[in-house]
Amino acid sequence: MPAARFQSFEIKSEGQAGPERLKRLRALLPERGLDGYLVARADEHQNEYLPPSEERLAWLTGFTGSAGFGVVLMDRAAVFTDGRYTEQLAEQIDRSVYEPVSIIDHPPSEWLAGQAKTGARIGYDPRRHTPDQLQRFQQAAERAGLHLVASEPNAVDAVWTERPAPPLAPVGIHPARLAGVALDDKVRDLQQWLAAEKLDGLAITDPTGIAWLFNIRGGDVPHMPLPIGNALLPREGRPKLFIDGRKLSNSVRASLEDRLDVDEPAAFAATLKALGQKAAKLRFDRESASIGLVEDFRASGGAADVGLNPIALRKAVKNKAECEGARQAQIRDGAAMVQFLCWLDAAAARGGETEISAAIALEGFRMATGKLKDISFDTISAAGPNAALPHYRVNEVSNRRITKGIYLIDSGGQYIDGTTDITRTIAIGKPTAEMIDRNTRVLKGMIAVSLAVFPKGASGAQIDSFARQHLWAAGLDFDHGTGHGVGSYLSVHEGPQRIAKTGSAPLEPGMILSNEPGYYKPGHYGIRIENLVLVERRSIPGAEREIYGFETLTLCPIDRRLIKPALLTEAERRWLNAYHARVLKVIGPLVDKPVKTWLKKACASL
């Protein structure tokens, strides 16, 4: 079997070392006058994916999931995660020293308040918690008579003697034809916003915002082309980028220094202190700025305005070039997906394929485009009961053979012109009547979102029920959101736009979101159908308000073997037939004759 280039299926947990590492950490705490310590799975920027040098929780406990938190006391220790990783957590940690806890049922702040002794001093790294995050602990600590103590440097780092070096991936200039808006124009727009808000500057701690604003991309974070660093945008004058100079070639540095000042990361704190001493008022991003950074600025005399990052909305609303780039990336990715699905039909019939071999095969088809920069997240390749885990990640232990039933694959690619994310649910052999019914209800919800029209100002929360109505009618539902925002050769999970019960941000033309309702029968199978959609303006005769709808970007057939035509309305049938006709028209010329023959059958009208 060929190896995957962009993902690993090895279990790299070092849970067996957990007791000894925990002992070393506990030995350090009294030296700092502490009775416990909070171990956040976070870096200084609250990145979704972390470089190896920031995986403190994994090093300390052995738990490698992407959502976790640790609390260490002198006599007890717990590791928290959500339902996605319950089984993985139990398998990876040494339960003789660590207690696995549901982060939903027992939040870390409440667990701490219930377990720590009154008067205990609990340390935390102020560079790895935002003000909002820390506030929850402070409130719980006050109720329990505990004292939270900022403790630097990070206590885990002090005992992690073999900690990897921070990443130094090269930074590149994102082409103007794909960025769509020049750096100078973005800076001018944001400086006008700062003036209107009576702010002296913007502290930029979110690497996606830095990448977007300065039209650069990097590779410091797995699966996302991000350059880790900080930046400062003053209301007047040149922006400042604080980044390790070893990431910049001479040509990239020269290009950047034509428009902004470039300095080393350590200079960021000194620059903020100098502004604070002048009583400057700066906006800090509440999603990514650390409590340590904010408090340092306030201590120097500055006014820290912690709130929404103005870059986030501007980044979410794609310009014309970014929209066209997304379309081209989806076409390229769709052709790779079609080749994969054709291969899968034949390979599954022969038998012997597994979740891992299928994930590797799909990566190979994407690689064959010659344009793939990375995958956009670790592929969810799930057969049988594994498909009932919405965020399942296959490894060498969990790997299942693809046999009769349902196979689900959720995957995406990073291309220089766009980021993709697609899920398809495939029938292997003859599906049951129940599988067909559930899949058709999921499809009806996906079509309902695709066909939705809504007035300006409507939010994702108002659209979310469209995807659930046909499941609700049968007493069914799914527990994740219907859709997340997607970046432009950036993060596959982007805010503030969401289609979810909590999606409060208004949807605006140019926003790209996923449309991915699902259904999951624990222990048996799972279903999810996902396309990416682009918010666009709609012209409706006689309309009294500005109306929006969705353009479907993803181009790949939906498995007809899992559809019950009798459950579809005429409008739903028309949408599906038109969608498949478009897939055949656009993707057909891009694949060879055997694949096109398969595609014609997969796209046949219902």
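On a 1 Å grid over the protein atoms alone, a cavity is a set of points where a 1.4 Å probe fits but cannot get out, and lining residues have an atom within 4 Å of a point. Points are joined across faces, edges and corners, and a volume is the space filled by probe spheres set on the points.

A word on the source. This is a predicted model, with local features needing pLDDT of at least 70 and side-chain atom pairs counted only at pLDDT 80 or more, while totals for chains, interfaces and linings use all residues. Numbering runs from 1 along each chain as its sequence is written, and side-chain values use heavy atoms, without hydrogens or water.

The largest cavity holds about 50 Å³. Which strand gives the most to its lining? Strand E1, residues 36-40, with four residues. Strands here are DSSP E runs of at least two residues, helices H or I runs of at least four, both numbered from the N terminus. Also in that lining are Arg56, Asp125, Arg128 and His129, among others. By class, the lining has five nonpolar, two polar and three charged residues. Nonpolar means Ala, Val, Leu, Ile, Met, Phe, Trp, Tyr, Cys and Pro; charged means Asp, Glu, Lys and Arg; the others, Gly among them, are polar.

Now the second largest pocket, about 890 Å³. A pocket is an open set with protein on both sides within 12 Å along at least five of seven lines. Its lining counts 37 residues, with Glu44, His45, Arg128, Asn230 and Pro265 nearest the centre. Helix H11 (267-277) and helix H12 (291-299) each supply at least two. H11 has the largest share, four. The classes are 14 nonpolar, eight polar and 15 charged.

On to the packing. The largest nonpolar core has 68 residues, and Phe340, Tyr407, Phe454 and Phe550 touch the most other members. Such a core joins buried Ala, Val, Leu, Ile, Met, Phe, Trp, Tyr and Cys through side-chain atoms within 4.5 Å; buried means under 20% relative accessible area, with a 1.4 Å probe and protein chains only. Helix H14, residues 320-350, brings the largest share, nine residues. A second, separate core of 33 residues includes Tyr49, Ile210, Trp212 and Leu490.

Finally, the whole protein. It has 19 helices and 28 strands. Of its 606 residues, 58% count as buried.

Conventions. Buried < 20%, exposed > 50% of the residue type's maximum accessible area, 1.4 Å probe, protein only.
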